[in-house]
Amino acid sequence: DHPTLAQRYMALPVRWTGFLAVIVCAGLPSSMGGRDWMTAKTAQRPPVRQGSGMCLPRLPLRNRAGMRRILTRRGLRAAADTQALTEREFQLAPGIDRNAVAKDASRFRVFSYNVLADGPKYALSDYHGYSPIENRRWKSRYPRILKEIRHYDPDIVCLQEITRPMFQNSFYKDLQKAYTGLYAAKTDRKSKYQTSAMFVRTRRFKVINGSLISFARMSEDYFRSLGAHEGSFNDLDLMARMGAQDDKALIALLEDRGTQQRMVAVSTHLYWNPKEPHVKVLQAYLLSKALDEFIQRNNLDPEIPLVVAGDFNSLPNKTEPDIYDPVIPPAGLPSGAYAGLTTGCLDTKHPDHPKQRTMAECVGDLKFAFELTSAYAHVFGTEPLITTKTDKFSGTLDYIFVRNTKVASALGMPFDKDSVEGFGPIPNAVFPSDHIAIVSDLILP
């Protein structure tokens, strides 16, 4: 008899204090190698009897007519026409030949999406009260999210704001036949805690190894190396603020089954609060540091291709002053996290640097381990006008960053390139999250 999924969770060894990385879905070997993963080989999923209502339906891969009705656990219910979810078109990057890239065996597709966590603290909270409650319930939103994933048919799916029930009961059940799923959660939190996940197409990539990064825990070692624990009050305060934010990154070493080319993929979600951009700066810096250490620890080529996707909660360029940045240069102000990741460095004079925001002396100029390229900026010449919109805020926070990987195309946004007029706050009856999915076709060297 196969043990249940819950029994396998209980049997997992604990290799990080307070943390758990659960790897499930089809095609996962029982032993991953390396010292980072804790693995669970899942029991075969029993067949679902027709009409049993045990799981959400598998939507067609290409449904050009739009979805008129949605099957849920409670039966059939009417739904808004969600054709707009799949009407977006890809645009080729400069210098890319459509016919050549279509035949390139090294081409793969990355899909990144902050799906908005389910629950009273997230989608069902008063913060999203501008949207009718029926548009915010998981049973309404999930089939639309699944439709987007299946329509765009990605090889790597990076998801943010995923709770354990969302992963186990929804994404895992519907994607397990085609994808290997990676999920990271804390063991000392309730199951409603949200984090990141990744799904990797099993027939395309082999998951070799991986690592779960806690920015809070990593910051402790970083500050101790700087002597911050013996420093000024400002140094200690910065150390405490970093330790209080339990954001994470999920890192996976993948191997193309056809070419044996290896790459590293990341799904992450940085701290949200616009009042503390210096926290995001240090998280982005620690992410680059963790990637560099992961590459060295696994004896990988220092120039290995990287794909880093997620919600970075950082604007590419702020042009209007606000209470957080009352003075903006004429050319605008790139956020510190975005500037550090895309230029490879951030000096102490940047307004988002910890020294400027907190007067802490322990952190100097930040030299990032890598200089990354935004797939969307490469294709369109600039980042999208927005990737998230509520009734209180709109802006670009989501990115697919790459290194040593050719960008072939990116998926256009569901509004005009130069204007978001007419695109209202989300989620709504069509768009299931307060963020918009971003997708890019990439080519391995």
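What covers the buried residues of H9? The cover includes H8, strand E13 (345-346), strand E15 (373-374), helix H11 (375-380) and E18. Contact here means heavy atoms within 4.5 Å. This is a predicted model: local features need pLDDT of at least 70, side-chain atom pairs count only at pLDDT 80 or more, and totals for chains, interfaces and linings use all residues. Residues are numbered from 1 along each chain as its sequence is written, and side-chain values use heavy atoms, with hydrogens and water left out.

**Overall**

- The chain has 11 helices and 20 strands. Both are DSSP runs numbered from the N terminus: helices are H or I with at least four residues, strands are E with at least two.
- Of the 445 residues, 57% count as buried. Buried means under 20% relative accessible area, exposed over 50%, and partly exposed in between, with a 1.4 Å probe and protein chains only.
- Take the contacts between residues at least 6 apart in sequence: 74% of them join residues at least 24 apart.

**The six-stranded sheet**

- An open sheet of six strands runs in the order E9-E10-E11-E12-E18-E15, with mixed pairing. Two strands pair if DSSP finds at least two bridges between them.
- Strand E9 (205-214) and E15 are the edge strands, and each pairs on one side only.
- E9 and strand E10 (residues 248-256) run antiparallel and are joined by nine bridges. Ser-211 has Ile-251 as its bridge partner in E10.

**Strand E12**

- Strand E12 (residues 306-311) has six of its six residues buried, so it is largely enclosed by the rest of the structure.
- Leu-306, Val-308 and Gly-310 point one way from E12, while Val-307, Ala-309 and Asp-311 point the other way.
- Strand E11 (residues 262-269) runs parallel to E12, with six bridges between them. Val-266 is bridged to Val-308 in E12.
- From E11 the chain passes through helix H8 (residues 277-297) to E12, in a right-handed β-α-β crossover. Right-handed means that, with the strands pointing away from the viewer, the path from the first strand over the helix to the second runs clockwise.
- Strand E18 (residues 398-403) runs antiparallel to E12, again through six bridges. Val-307 has Val-402 as its partner in E18.

- In helix H9 (residues 336-343), seven of the eight residues are buried, so H9 is largely enclosed by the rest of the structure.
- The buried residues of H9 are Gly-336, Ala-337, Tyr-338, Ala-339, Gly-340, Leu-341 and Thr-342.
- Just after H9, Gly-344 takes a positive phi of about 90 degrees.
- Helix H5 (residues 164-175) is mostly covered, with nine of its 12 residues buried. Among them are Arg-164, Phe-167, Tyr-172 and Asp-174.

**Helix H6 and its packing**

- H6 lies across E9, E10 and E11, at about 65 degrees to E9. Axes are lines fitted to C-alpha atoms, for helices over the stretch in contact, and angles run from 0 to 180 degrees between N-to-C directions.
- The axes of helix H6 (residues 215-226) and H8 come within 10 Å and cross at roughly 85 degrees.
- H6 and H8 are therefore roughly perpendicular to each other. Angles of 65 to 115 degrees count as roughly perpendicular, under 35 as roughly parallel, over 145 as roughly antiparallel and the rest as oblique.
- Residues of H6 in this contact include Phe-215, Met-218 and Tyr-222, and those of H8 include Leu-282, Leu-286 and Glu-293.
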